[in-house]
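Me: Could you walk me through this one with me?

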Amino acid sequence: MGKSFTKTLVSTVAFAVALGAAGFSATASAATLRMAWSQDATGLDPHKQTAFSSLRLLELVYEPLVRLDKDLKIIPALADSWEFSEDGKTLSFKLDPEAKFQNGNKVAAADVKASFERLMAEETGAAARANFLSIETIDTPDDTTVVFNLSQPDVPLLTAMTSINAAVVPASEIEAGTIGTKAIGSGPFKLDQWEPNSKEVLTANKEWAGGEVKVDGINVSVLPDETAILAALRTKQIDFALLNDPLVATLVPNEASLTLDRTPVLNYHVLQLNPSRKPMTELGVRQAISCAVDRQDVLDTALLGEGKVSGPLTMPAYASDPSQLFCYERDVEKAKKLMADAGYADGFSATVIAATGEPPTAAAEAQVIQSQLAEIGIKLDIKMMELNVYVDTWLKGDFDMAVALNGGRADPYSMYNRYWTKAGNLQKVANYIDDTLDDLMQKGRVETDPEKRKEIFAAFEKHLAEVSPWIWLYTAYSYTAQQKNVTGFVPSPTGSLFGLTTVTVGE
Amino acid sequence: MNYLTRRLLTFPLVMLGVSILVFVSIRLVPGNAITAMLGTEAGLLTPQQRAALEAYFGLDKSWPVQYGHWLMGVLRGDLGISVTYGKPVLDVILERFPLTLELALLSMLIALAIGLPAGIFAATRNEKPSDLGVRILAMIGQSTPNFVVGLLIIYILSVGFGVLPVMGTFTPFFENPLENLGQLILPALTLGFAFAASVTRISRSSMLDVLSEDYVRTARSKGVPALSVIWRHALPNALIPVVTLSGVEFGYLLGGAVIVEQIFALPGLGRMVLDAILQRDYALVQGSVLFIALNFMIVNLLVDLAYAVLDPRIRLGDR
């Protein structure tokens, strides 16, 4: 019995291993890029989707009028050229006459008009509409000219138009009501197949007016566990991968056959305080928290140092030296004094909310902050929430403090008008009204001189750090890992994968 | 009315209860399809935009109306449309089900192939070192979480041997059996590992019970060879608890093995339900939970029927 059992066991395992080995695939198609990411797109409507995981897919299929290059400079996409009128109240675009949709039709001015009208129509339910409110009417004097008539000068509008949320879609598809079910864009790739949370098959668009795409296509696998992505890279099952978790990404350089690209991103990690709740209503308490938080220490402990301490403005063109901002050098004594002056010498208790896994380091960040604030007598209770529950709570402004990873924009106005202007859509989340901030925002919106804009936003940033409604911490990296034979990818601070158009897969 | 008919008649009642429970609980969780799609950007919506989206997702009606509407659909065989996949819920489920069914069957096969012989072997060596060895192994197997086993397998194969099965996709068995088994064997081993340990423990203890019964002693004293006593006399009776355990485990596995599917990136039912919950795809959550509940009831019924086959003394539903 004993022997036969051992035999059965050995043969079962041998059979299993043989089967496993038989199913391993070692063949690679040279010109198709095999890619993996852990979070899949959640929908195909470029106007309505806001999740980063959706936008990076749609950016390969659809095109806006203009796009941002790797230095966040505005460059042509569907439009060859553009200009603001003298009074800043009209913005005209000249379209690329070669641009074609993937259904073979030319991209015409009428498509641009129809797309923006769809985006602006309230029944569409596009959250991005908020960035385009200054558009009053759209004229199309000829097939390749589009003129936006604005209610007021709006310099950040052009940057907002670089978003894939402002993608130009075929007017015929809008009429047919198929936006979101069929993906017909004018971009470098065609989406042949999408199985949500499983895979995408993209083929290069040979007719793309933007140039020649170097690969035949991209096969995307959704591998929800990032350690499995790393394993798939190790075994050469995939060529290119997107990673979110710094704990996984930092293991990539250990592999001789892989390279890791780190790109600083615009998104910022922040400890949001709720200045409408006691005692955060007190300027002194908020400033004390700012002084008590050691930003570099949070970064080093929670993110393995994978990032850069940052002030509110994260775009290189506007960012100032963070060491010049209020209390970016930790000062516990000053913090204690501020607490005492505000009448909270003995500290207080508060709850901090954080989303599970979003970012992957949220829990660790909350814990480090908890221990740092304990030093000035603030007792933090950490409440971890599923992302959706967190978003719901966050939108209601129903928290004392929140650990957050918020989206950055290339333009400071688009990035912050939602929080720090009096009419901001997310005023309820920020819960803080400040005349100086509002005033500087309005000035920055209409100022066309780049140097003057810089000064306005520098003052804005300095004041924001000083009144400390939130404690800005740092920006992290976005990571792409690839086999050594994959070359030519151009990463972007916006996290866009548009740089895949120049990728080649070598032998 | 015979037993089978009576059991089948309880199905719709249970399903109704399950559907109400799921319908209410998924809606009690904060957040909805709009926040799931837009995240924090949902805060930028105007009231009109929000109303338009609520109408699109069917959130604008009261719960009883939504439920009634859904239930009428179910009675017509229409489980609704998944907002994530943009197709009928039933299609989405049926696309995912073959993988889940095959994975459950394979894991059970592995578990029984290892667990049953190991348990019987241990029972016949009661309290000897080899029995102790099997028991310790079973204890380790049962107490190791399957994500640890799964990650270990992936790590050892990819780092130690530089190979790994293709992940993230599923080839149906009848399309390419070899590729199919290549994709499923490691997850099946991962799931089968803990499952085998439970089978070992339960078959050992039930075998021990049976071996001390009078009829076994009688058979032995009549001079029936030891192996024959075990296989022909003791085993059929000892199998009943094993069938119960396997049935329950199998039923669970048909609901999808979330963690293992996540690690091995298998597009199975478990991950689908998890994603549906995270994206607040109500129709998909409701439809798939109903489907899983139905599977579970069928498996339970089969288990009960199997009792009667294994032990003729059990008469199902007499009086």
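Me: How many residue pairs are in polar contact between chain A and chain B?
Reply: This is a predicted model, in which local features need pLDDT of at least 70 and side-chain atom pairs count only at pLDDT 80 or more, while totals for chains, interfaces and linings use all residues. Residues are numbered from 1 along each chain as its sequence is written, chains are lettered from A and ligands numbered from 1 in the order written, and side-chain values use heavy atoms, without hydrogens and water. Between chain A and chain B there are 13 residue pairs in polar contact, both at pLDDT 80 or more (N or O atoms within 3.5 Å; within protein, one must be able to donate a hydrogen and the other to accept it, and residues adjacent in sequence count only if both atoms are side-chain atoms).

Me: Which element gives the largest share of chain A's side?
Reply: Helix 1 of chain A does, with 8 residues (helices are DSSP runs of H or I, at least four residues, and strands are runs of E, at least two, numbered from the N terminus).

Me: And how many salt bridges are there between chain A and chain B?
Reply: The count is 3 (a side-chain nitrogen of Lys or Arg within 4 Å of a carboxyl oxygen of Asp or Glu); Glu41(B) forms a salt bridge with Arg418(A), with the closest N and O atoms 2.7 Å apart.

Me: New topic: which residues of helix 10 of chain A are buried?
Reply: Val332(A), Ala335(A), Leu338(A) and Met339(A) are buried, whereas Glu333(A), Lys337(A) and Asp341(A), on the other side, are exposed (buried is under 20% relative accessible area, exposed over 50%, with a 1.4 Å probe and protein chains only).

Me: What comes just after helix 10 of chain A?
Reply: Gly343(A), which takes a positive phi of about 90°.
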